[in-house]
Amino acid sequence: MSVLKTFKIGGVHPPECKYSAGEAIKALELPKQVTIPIAQSLGAPSKAVVAKGDEVKVGQLIAKGEAFISSNIHSSVSGKVLKLDEVLDQSGYRRPCIIINVDGDEWDENIDRSTELKKDITATKEEIIKKIQEMGIVGLGGATFPSHVKLMVPDGKKAEVLVINGVECEPYLTADHRLMLEMADEMVIGIQILMKGLDVKRAIVGVENNKPDVIEHLNNRVKDYPGIEVCALKVQYPQGGEKQLIDAAIGRQVPSGKLPIEVGAVVNNVGTAFAVYEAVQKNKPLIDRVVTVTGKNLKETGNFMVRIGTSVNELIEKVGGLPEDTAKVVSGGPMMGKALNSTDVPVVKGTSGILTFEEGEAKRVETTNCIRCAKCITVCPMGLEPVLIAQYAGNELYENVEAERAMDCIECGSCSYTCPAGQPLLDYIRLGKYKVGEIIRNRSKK
Amino acid sequence: MNDVIIYAVISLSLVGAAAAVVLYFIAQKFKVIEDPKIDEVEESLPAANCGGCGFPGCRGFAEALVKSANEKQSLDGFNCPVGGNDTMATAAGILGLVAEEKEPQIAVIRCSGSCENAPKKINYDGPATCAFAHSLSSGESGCPYGCLGCGDCVTACDFDAIYMDEETGLPIVKDNCVACGACVTACPRDIIELRNKGKKDRRIFVSCINQEKGGPAKKNCKVACIGCSKCFKVCPFDAITMNNNLAYIDYEKCKLCRKCVVECPTKAIHELNFPPRKEKKAPADKPAKPAPKPVAEKPAEKKEEPKAEKE
């Protein structure tokens, strides 16, 4: 038996807790009202193009991304725009949103709603990129980086291989797992479209070895498609990190502060590949996504196809309501997710899961003094010294924070997870990164 | 035996003498010529090294003063908030100039979102500093502008002039505040403002910086400024400006007539150190708190920008 590949520096092994892995994807009923934030991707916020009282259809453009790194947003329902207002979103702050009252389910006539598999890729490279931009596709792994930007390879660089991220290394989450099982054909065609858009001949789908059903299923599917291969990876967190996955799958290391294209790789999530298929072949904008709802204390768990803008409350109702002993509701996975202020916030393009913690689980470990064990340094997948950066940040020595390459930190949380002294390392590093970001911006202004 | 000691003493003395001669010439060659006035001026400063003047410590301030005196023959724009006008007069005397008089200032907490006024909706269990709490969410009360109560301002204060009130969860500025501005910088939400102390320590200010519309603001906090403009209309001195659903009282223009205090429907405008009112109208605000707060708030426009950036 050959040795499975994985990334070489650091890594941790949190308990997997994939309770919902066996739950097929179910479509969630249409909500009565959706709240769609107009900033749902990295980069500049989009600009609303509808006004109060407008009638909208499913798939109609409601906010336009005007900057280069920015994305279009489409209505996920049909109905009437109630208002444009500032509403509490997942960040815990009030942000501009478009609120739509749902009325029926009338789709834009250009969208192909048939379930028939459309295999032939007729669009040219330019058309593919344009379509992806038009349909508001963003990276669905969580960072929500606009996908069309990834496909535009800068001059002087050449993409050689497309890496598809099917790792889903976060514990609890199973959205990608189910998608790869149930929508494999669509996804593989999506991968081909991305390959055509990038002009590459080779694509590797990285899947962790804890999903043997997916690996087998995909291996059967990709037989007919030349250039696509499935790569089983040894389970290790944070393998889903872009740079870690490139290291694991093709053995190349992205230099500090550089993008993956530097080593000829482009990484896209499986969810993104599926969305690309729908956008290019079916003309369907990104208006829904798979969300895992899970938690130890929930009556049932599940994976749902949810329209963007649906309230988290409705998802929780669907699995039997929030139990009494819930102490924390997290959006995303347990390692990198964000605790929510309120459950009355909308699902957005970057929401991969909703996770509940009961009282015992949610408690932070009591912080004691650092015992200099260097565990955080051992597990850091970027080869940083988290304890040092955290101490510099705590003492406001931001030049040193920058010198220690804090900006390379991918915020995976391995350091805080592993720290036997319960130090909030990542919190301090984030603070340091924020301050260093400010310093860098000021410097470039001068 | 004795010889060894004698030789050692003599040879070491010679080496020492030779080194002294060399060192003397080196010291002459590399002598730093410094204006003796810098030392004199530094002597007259409070030696708090708080940075409130905007320079790195009292020595840095003394150097800047002397430099300005030599080059521009004026001390305009310089101020030692700790020493106040007396210190500045002494320093100016040494330099043969006259310092401009400046109204003494004090830090003001522009938030009244106590546990009672703005009840907690969530529990924050992260590291207990405001900087973290601010970066994570709008805070336990839900008000995205209000005090987070983790005490970054208390940590920043070198003068022990600010403390957290256990009951309200809000910081309180004591009388010995020197307005060095350390807490103003430390507060991630720009709640603290330096305002003129006012006559007899009497101050009026809007104790809120919430820029949300009335509805959402009131939902999180009973005493939020709802931007109703009533104070703006009643002010006879044009001291109040309305910006982004928020009233701001200009402490330069305010004549302390207290009309706005009565008018405010949410009691967001505070008056401090005034005698109790005689008329039938019961005093809207009790000047209960020890003394800490000065008058209105200024940064409405100025501070918006950094905030927008952060979010």
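View 1. Where they touch, domain 1 of chain B brings 6 residues and domain 2 of chain B brings 7; a contact here means C-beta atoms, placed from the backbone, within 7 Å. The domain 1 side of chain B has 4 nonpolar, 2 polar and no charged residues. For these classes, Ala, Val, Leu, Ile, Met, Phe, Trp, Tyr, Cys and Pro count as nonpolar, Asp, Glu, Lys and Arg as charged, and the others, Gly among them, as polar.

A quick note before going on: this is a predicted model, where local features need pLDDT of at least 70 and side-chain atom pairs count only at pLDDT 80 or more, while totals for chains, interfaces and linings use all residues. Residues are numbered from 1 along each chain as its sequence is written, and chains are lettered from A and ligands numbered from 1 in the order in which they are written.

**View 2. Where chain B meets chain A.** Here 13 residues of chain B are in contact with 10 residues of chain A. On the chain B side, helix H5 (residues 130–136) gives the most, with 4 residues. That side of chain B has 7 nonpolar, 4 polar and 2 charged residues. Helices (DSSP H or I, at least four residues) and strands (E, at least two) are DSSP runs, numbered from the N terminus.

View 3. Val214(A), Ile215(A) and Leu218(A) are buried in H5(A), residues 212–222. Down the axis, the buried residues of H5(A) fall within an arc of 95 degrees, so they line one face of the helix; the arc is taken from the directions from the helix axis to the C-beta atoms. Pro212(A), Asp213(A), Glu216(A) and Asn220(A) sit exposed on the other side. Buried means 20 or more other C-beta atoms within 10 Å of a residue's own, exposed means 12 or fewer, and partly exposed is in between. Among the packing partners of the buried residues are helix H3 (175–182) and helix H4 (184–198) of chain A.

**View 4. An open sheet in chain A.** Six strands line up as S1-S14-S13-S17-S15-S16 (chain A), with mixed pairing; strands pair if DSSP finds at least two bridges between them. S1 (25–27) and S16 (338–339) of chain A are the edge strands, each pairing on one side only. S1(A) runs parallel to S14(A), residues 302–307, over 3 bridges, and Lys26(A) has Phe304(A) as its bridge partner.

Notes: Contact = placed C-beta atoms within 7 Å.
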